[in-house]
Amino acid sequence: MMKEELRQQFVNEIGAYIADYRRRHDFWAADWKTPLVGFADASSPYFAKLRELVSPNHYLPADVLPEASVVLSYFLPFREEIGRSNQESDKPSAVWAAAYNETNQMFADLNAHLVRFVESLGYQAAIPAKAGMIDSRHIYSNWSQRHVACAAGLGTFGVNNMLITEQGACGRLSSIVTSLPVTPDQPAAAEYCLYKRNGTCGACVRRCPIGALSLTDGFDRLRCHLHLEEFKKEFEAGVCGKCAMGMPCTFRRP
């Protein structure tokens with residue numbers, strides 16, 4: 001199966017589904033640009049390494065679908081006005097929070113649709129279970145959408161621990177596991193983060209309103225999590241996103 005033809009099929013399918021979904025639901029904030037789609041090798045040793053990098057219980061693709069060949073990862077870039085709404089103040093904007101929540105609502109239906117689409121092509125697909133753990137020492141996911149997207153060649157990590165794609169870091173990621181017979185993509189060979197590439201920028205560290213980022217000490221995951229929890233009652237989700245806004249990598253690969 002030709003990879004670029006299949007990728008475009010999924011870009012078109014996701015785009016068509018989103019357009020129809022927005023017509024059927026009363027969304028007031030969420031709106032997206034053209035999705036990015038990548039295919040991660042389900043047999044890559046990288047997935048086993050995620051049990052060290054992310055979580056000791058991180059799923060392997062075969063845990064989700066025994067016949068897995070690739071993980072289809074996709075990025076939905078937010079329209080720029082959504083990101084710009086969240087640049088001011090230390091508090092998340094109502095538009096940003098609503099776009100976050102509305103996208104998460106849509107993902108469940110969209111992924112189910114993509115599973116049916118794969119099955120219509122004569123192959124199998126499954127949706128990874130949502131799982132994570134929080135304790136006094138570590139906060140992690142058993143299926144890291146950002147790491148999966150990195151394996152699928154969609155981007156590289158910034159100092160802020162966000163994935164920087166060709167369309168920047170302002171958006172949301174999701175994935176399904178499939179048995180599609182397609183040559184997988186390779187992780188990006190180039191470094192997208194300016195600081196990691198040549199020591200410039202570091203704007204995300206200055207943008208963090210609570211000092212959870214450091215160029216020397218890295219990312220304080222627990223401090224970030226506790227900050228997000230402060231907004232759950234108001235916005236029905238732990239949101240912030242300040243470290244991804246107003247930077248060279250917000251809307252594009254720098």
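Predicted model: local features only at pLDDT ≥ 70, side-chain atom pairs only at ≥ 80, totals over all residues.
Together with Tyr74, Phe10 has the most contacts inside the largest nonpolar core, which has 43 residues. Helix 1 (3-24), strand 1, strand 2 and helix 5 each supply at least two residues of this core, and helix 5 gives the most, with 11 residues. A nonpolar core is a set of buried Ala, Val, Leu, Ile, Met, Phe, Trp, Tyr and Cys residues joined through side-chain atoms within 4.5 Å, where buried means under 20% relative accessible area, exposed over 50%, and partly exposed in between (1.4 Å probe, protein chains only). Another core, of 14 residues, lies apart from it, with Ala40, Leu65, Trp143 and Val148 among them.

Local features are reported at pLDDT of at least 70 and side-chain atom pairs at pLDDT 80 or more, while totals for chains, interfaces and linings use all residues. Residues are numbered from 1 along each chain as its sequence is written, and side-chain values use heavy atoms, without hydrogens and water.

Turning to the sheet, 4 strands form an open, antiparallel arrangement in the order 1-2-8-3. Strand 1 (36-41) and strand 3 (125-126) stand at the edges with a single partner strand each, so one side of each is left without a neighbour in the sheet. Strand 1 pairs with strand 2 (residues 70-77) in the antiparallel sense over 6 bridges, and Leu36 stands opposite Phe75 in strand 2. Strands count as paired if DSSP finds at least two bridges between them; helices (H or I, at least four residues) and strands (E, at least two) are DSSP runs, numbered from the N terminus. Helix 5 (residues 94-120) lies across strand 2, strand 3 and strand 8 (171-178), running at about 25° to strand 8. For such angles, axes are lines fitted to C-alpha atoms, for helices over the stretch in contact, and values run from 0 to 180 degrees between N-to-C directions.

Arg51 touches Pro56, His58, Leu60 and Asp63, not counting residues up to four places away in sequence. Its side chain makes a polar contact with the side chain of Asp63 (3.2 Å); a polar contact is a pair of N or O atoms within 3.5 Å, and within protein one must be able to donate a hydrogen and the other to accept it, with residues adjacent in sequence counting only if both atoms are side-chain atoms.

Definitions and conventions: Contact = heavy atoms within 4.5 Å.
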